[in-house]
Amino acid sequence: MLLRQKLLFPAVRLVHRGFQRHQHSHIVLHPEVRQALQLHKPVVALESTIITHGMPMPENVTTALAVEEQVRCHGAIPATIGILDGRIKVGLTREELTLLAEKPRDQVIKCSRRDLPFVVARKQSGGTTVAATMIIAHQVGIKVFATGGIGGVHRDGQESLDVSADLTELGRTPVAVVCSGVKSILDIPRTLEYLETQGVCVASYKSSGGIFPDFYTRDSGCTVPYDLGSAQEAAKLLQSWQELQMQSGVLIGVPIPEEFAADKAKIEAAIQEATEQAKAQGVSGKEVTPFLLAAIAKITGGSSLKSNIALIKNNAKVAAQIAASFSGISSRSDAASPSGMAKKPLVVGASILDLSFTVDDHKRDMKLDGATYSAVAKQAAGGVGRNIAEGIYKLYGDVNLISAVGNDQMGHTLLQKMPKADVNLISAVGNDQMGHTLLQKMPKALKRGMILEDNQDTSLCSVIFDKYGDCKLILGNMEIHQSITPETLQAHHQFFAEAPIIVMDSNISEHAMASILQQAQNNKIPVFFEPTDMFIAGKPFKLVPELTKNIRLIKPNLQELKTITEAITGHPVDLELSTKLPQEKLLQQAKFMIKQIDSHFNCIIATLGDHGVLLSCRQDAEDDATMLLDVSQSAVPHRIRFYAAPLVNNIVNVSGAGDSFCAGFITALLQQGRSLSECVAAGFVAAEKALQSESAVPQSYFSHSETFEGRYKQKVKSLQQQSI
């Protein structure tokens, strides 16, 4: 049956339309580390056994702080990992670091993989070994870790079977470990053989011939297959390692600075003496390494401790340089469009979990009287910004999205419904049940840049439709969208710089809008404004006019058009608006409002419910729609044209048609050389697919972009249009 559905562009608009892996509360990220990870800045993990078991007071504290400073000075954010009272801290503060260092040794556990559950369960404190630090770094998304030296196969390990858990962790946890090789007190040849068996990529750093260091000295007598000549070379290795999705670590051996290297004969004699002392005193297990390091320091008169401090500081510097280079390569890779297009549209707006109820009780009309009505319930990913971004991704091939959801069950449900390609999402994430649900419903490609917002709930909207499909009531919580701040937006200036167009919905704050519009001006980028709801449609036009001049396109419905007209002119619009009016009357009302504000924009797309769309666009865009992207403020006369809504078969869902129209219109607009009518046809074709989909955005619009282009070029031939 052929239907012209009233809700192709519903007269009553929904306020919205429509990671990172979940972090348990046992892990607490320092705000600086959290932000750096969210913004894809370089971060270097640092262990804490150097504080709790590796060095005496006060050298442990001063060294730990100096190591953090080395990381900062060379372009990365330090994240010292330790456990205090059962809470795993990623990014210890100075006070926490000192507190951990000052705890009596018998109250602090040296934590490897096996110890973590016990220490957390008993709410004890601990210093993390290489293995434990790798585990935690991987869980929070840190790729690079600096330490002094790793554990390995102990001397006489062939008899005692004493093999450090660091080695097996390197074989199963994808973190790059930058160190000065294997500690000199260990059996280095057997350790390297063990790492080879574990499939660990081992390389030396600026060490000719692949000579592998052994902590206190620059030459262990062993070589490894690969030598990395620079931080950039190391970063390229890590890029390939990441792209290959290797599930094992990388070990980079950095020789101790030459001026601090120990005399090999003297350090070996000290090791032998310390080993004998350990045997005599019955030291065993995980206490052996700290005992030997302390004994060697005493035997060498403190010179080995100076070497230890020098090498860990140098390793931190190298790790920071590698992390910074790796971050730069990743950013450049992210900027390259998989579809071959140089620029990615940017969308800033809402991500919401939609709960819709459609009354199926045909014996009575629905009234808001407290009665119970039989209804069909559906849960779907929604939100104007999120829907448009997903639509653009699927039709155009790439997009960046800045949005806000919760780090809770609903948010994660939403994320699971996002595309699989390499699309960037910068999103504030709360910590509630709704967030996890929402994340699961979002295509994977839009999840990359999630910003966690633990104290905010995911935005949820409950929408009530009557048996005719008309929206009767919307209830929603929208507070989380205030998490999109000017600071967050400024931090992602590269998204603005590479965008051919910015799409902004009205759910975000006026402060965020001001920041978006300022960056749009700075980069000479046109803004497409989606008003979202009649009560908030005027938001950006409350800002100083100078800021709004880059808003070149808007897509309001009739009520939103009234709000915008009143906001711009400062005068009330005395009209009784309804899409139920005769079409001629409706077009007269829309034209009356448009004529008052059309000089402020290149294009006004007024959606008129089941009637269609009324466009007021600059005349020179009729044959070349790219003129709508012009930000020069040239005074070009407008032409008003009405396009009737096409007939649609098999309508299933009405909540996302308008957002798909946006995505289709923008995609055609960015393809260059398209006429205005072709852009409108592209919008209608995309909207039709949305109407026939269970979700606000179809799982797939078309098999490939050529099909979409062919469909809208065919559709344009049948468009019913007239000049008004």
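Predicted model: local features only at pLDDT ≥ 70, side-chain atom pairs only at ≥ 80, totals over all residues.
Which residue just after α9 takes a positive phi?

1. Backbone after α9. The residue in question is Gly199, with a positive phi of about 75 degrees.

2. Helix α9 spans residues 188–197, and its buried residues are Ile188, Thr191, Leu192 and Leu195. These residues lie on the same side of α9 because they cover an arc of only 95 degrees around the axis. In general, an α-helix has 3.6 residues a turn, so residues three or four places apart point the same way. Glu193, Glu196 and Thr197 are exposed on the other side of α9. The packing partners of the buried residues are α8 (165–170), β10 (201–205) and β12 (250–253).

3. Nonpolar cores. The largest nonpolar core has 102 residues, and Val90, Ile150 and Leu251 touch the most other members. Helix α13 (residues 303–335) supplies the largest share of this core, 12 residues. Apart from it lies another core, of 55 residues, which includes Tyr393, Tyr396, Val613 and Ile666.

4. Surroundings of Val90. Leaving aside residues up to four places away in sequence, Val90 touches Ile27, Val28, Leu29, His30, Val33, Ala79, Thr80, Ile81, Ile136, Val140 and Ile142.

5. Packing of α23 and α24. The axes of helix α23 (residues 657–670) and helix α24 (residues 676–691) cross at roughly 145 degrees and come within 7 Å. The crossing of α23 past α24 is right-handed. On the α23 side, the contact is made by Ala657, Ser660, Phe661, Gly664, Phe665, Ala668 and Leu669. Their counterparts in α24 include Leu676, Val680, Gly683, Phe684, Ala687 and Leu691. By class, this contact of α23 with α24 has 14 nonpolar, 3 polar and 1 charged residues.

6. Cis peptide bond. The bond from Met57 to Pro58 is cis, with omega near -5 degrees. Pro58 is placed in the loop between α2 (49–54) and α3 (59–73).

7. Positive phi at Lys524. Although Lys524 is not a glycine, it has a positive phi of about 55 degrees. Lys524 is found in the loop between α19 (510–523) and β22 (527–530). Lys524 counts as exposed because its relative accessibility is 62%, and the cut-off for exposed is over 50%.

8. Positive phi at Thr532. Thr532, a residue other than glycine, has a positive phi near 80 degrees. Its place is in the loop between β22 and α20 (545–548). Thr532 counts as buried because its relative accessibility is 0%, where buried means under 20%.

Terms used: Residues numbered from 1 in each chain as written. Heavy atoms only, no water. Buried < 20%, exposed > 50% of the residue type's maximum accessible area, 1.4 Å probe, protein only. Helix = DSSP H or I, 4+ residues; strand = E, 2+ residues; numbered from the N terminus. Arc of directions from axis to C-beta. Contact = heavy atoms within 4.5 Å. Core = buried A, V, L, I, M, F, W, Y, C linked by side-chain atoms within 4.5 Å. Axes fitted to C-alpha atoms, helices over the stretch in contact; angles between N-to-C directions. Left-handed = near helix turned anticlockwise from the far one by under 90°. Nonpolar A, V, L, I, M, F, W, Y, C, P; charged D, E, K, R; others polar.
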